[in-house]
Amino acid sequence: MQLLIYLLAYPLLWIISILPFPIFYKVSDAVYGLVYYIIGYRKKMVLSNLERCFPEKSKEELLLIRKKFYKHMCDLFLEMIKSLTMSQTEMKKRAKFNNVELLDKYAEQNRSVVLLCGHYANYEWVLSLGQHIKHDGFGIYSPLSNKYFDKLIKKTRKRQGGTLISKFDTAKTIVKNYRANHLSLYGFVNDQSPQVSHTRYWRPFFGTVVPVHTAAETLAKKFDLAIVFFCVKKVKRGFYETTIIDVTDNPKAYSDYEITDIYTEMLEKEIRNKPEYYLWTHNRFKHRNKVPKESGKDNVKVKYS
């Protein structure tokens, strides 16, 4: 069944991917009309998330942000499809990076790096950074249930300069590369909601205490990896500009979860600037009512402000 679904869907995806950009974005406009006005995909959740995060904004402002978000979301998911056949030359024109010199400096020091970013702007095209750096780039991802599409997405990201590794193999891969002295950069899209049973740290995100991922910080400390943050700007439709910001070259100097706090605050600032480019369909606040009652209990820490 997985193969049948793949064989039926792939020709359509390929056709979409080879469309000239002016036609391609007209298709995105049509998809937006379908998703927003007819299907209404997660519209209530998106509005609920926006109301929670921006209580100071009027209902009219929030509805406008929601519309802009859905237009961007449709562009985003079609741009993922565009990656199937998009040339490296075209990608370099549309996904630009500022301050790559910082990563060059770490390469000269033979320092591997952890890259932190959120589901903001076009987080998929960020993997094309591998075309611009001396490190081998690895993107941490959740494997797809359909093994044929999973293989396709890994092949597509490889074409653009990045290697995908399963979140289940992250630690193993880092250990292997560390022992081999292999110069690497590990990209963590670090704003998903973790399983409560595996959570060791809770903190506010837009004023609501939620569980947060801390593996990136833990691994950076353990293997002395420098840490950078990706601040992404959508310049115009189909064009993105990413600035690489130094977080620290000495993660061990920070107390537990301090780096996670810094990252979360940087991400929140980025989102507040242009909220329509964040992936609001994620149910980021689904565990808000499960906050442990006692901070420190069972090695779990809770920060309330």
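Modeller: Before we start, a residue counts as buried at under 20% relative accessible area, as exposed at over 50%, and as partly exposed in between, with a 1.4 Å probe and protein chains only. This is a predicted model, in which local features need pLDDT of at least 70 and side-chain atom pairs count only at pLDDT 80 or more, while totals for chains, interfaces and linings use all residues. Residues are numbered from 1 along each chain as its sequence is written, and side-chain values use heavy atoms, with hydrogens and water left out.

Biologist: Okay, salt bridges then. How many does the structure hold?

Modeller: The structure holds 15 of them, where a salt bridge is a side-chain nitrogen of Lys or Arg within 4 Å of a carboxyl oxygen of Asp or Glu. One of these joins the side chains of Arg-111 and Asp-224, at 3.5 Å from N to O. That pair links distant parts of the chain, 113 residues apart, with Arg-111 in the loop between helix H6 (100-108) and strand E2, and Asp-224 in the loop between helix H9 (215-222) and strand E8. The element names follow DSSP runs, numbered from the N terminus, with helices (H or I) of at least four residues and strands (E) of at least two.

Biologist: And Arg-111, buried or exposed?

Modeller: Arg-111 is buried, at a relative accessible area of 14%, whereas Asp-224 is partly exposed at 32%.

Biologist: What about Asp-150, which side chain does it meet in a salt bridge?

Modeller: Its partner is Lys-154, at 3.7 Å from N to O, and because the two sit 4 residues apart in helix H7 (residues 147-159), about one helical turn separates them. Asp-150 is buried at 9% relative accessible area, while Lys-154, at 36%, is partly exposed.

Biologist: How far apart are the closest N and O atoms of Asp-261 and Arg-203?

Modeller: They are 2.6 Å apart, in a salt bridge. Asp-261 belongs to helix H10 and Arg-203 to strand E6 (residues 201-205), so this contact ties together parts 58 residues apart in sequence. Both partners are covered, Asp-261 being buried at 11% relative accessibility and Arg-203 being buried at 5%.

Biologist: Switching to strand E2. How many of its residues are buried?

Modeller: Strand E2 (residues 113-117) has 5 of its 5 residues buried. In a regular strand the side chains alternate between the two faces of the sheet. Here Val-113, Leu-115 and Cys-117 point one way, with Val-114 and Leu-116 pointing the other way.

Biologist: Which strands does E2 pair with?

Modeller: Pairing requires at least two DSSP bridges between two strands. E2 runs parallel to strand E5 (residues 184-189), with 5 bridges joining them, and Leu-115 stands opposite Gly-187 there. E2 also pairs in the parallel sense with strand E8 (residues 226-236) over 4 bridges, where Val-114 has Ile-227 as its bridge partner.

Biologist: Which helix gives the largest share of the lining of the largest cavity?

Modeller: Helix H10 (residues 258-273) does, with 4 residues, and the lining as a whole includes Thr-260, Tyr-263, Thr-264 and Leu-267. By class the lining has 4 nonpolar, 4 polar and 2 charged residues, where Ala, Val, Leu, Ile, Met, Phe, Trp, Tyr, Cys and Pro count as nonpolar, Asp, Glu, Lys and Arg as charged, and the others, Gly among them, as polar.

Biologist: And the second largest pocket, what is its volume?

Modeller: About 310 Å³, with 15 lining residues, of which Cys-231, Val-232, Lys-233, Glu-270 and Asn-273 lie nearest its centre. E8 provides the largest share of that lining, 5 residues, and the classes come to 7 nonpolar, 2 polar and 6 charged.

Notes:
1 Å grid on protein atoms, 1.4 Å probe; cavity = no way out; pocket = protein on both sides within 12 Å on 5 of 7 lines; lining within 4 Å. Points joined across faces, edges and corners; volume = space filled by probe spheres on them.
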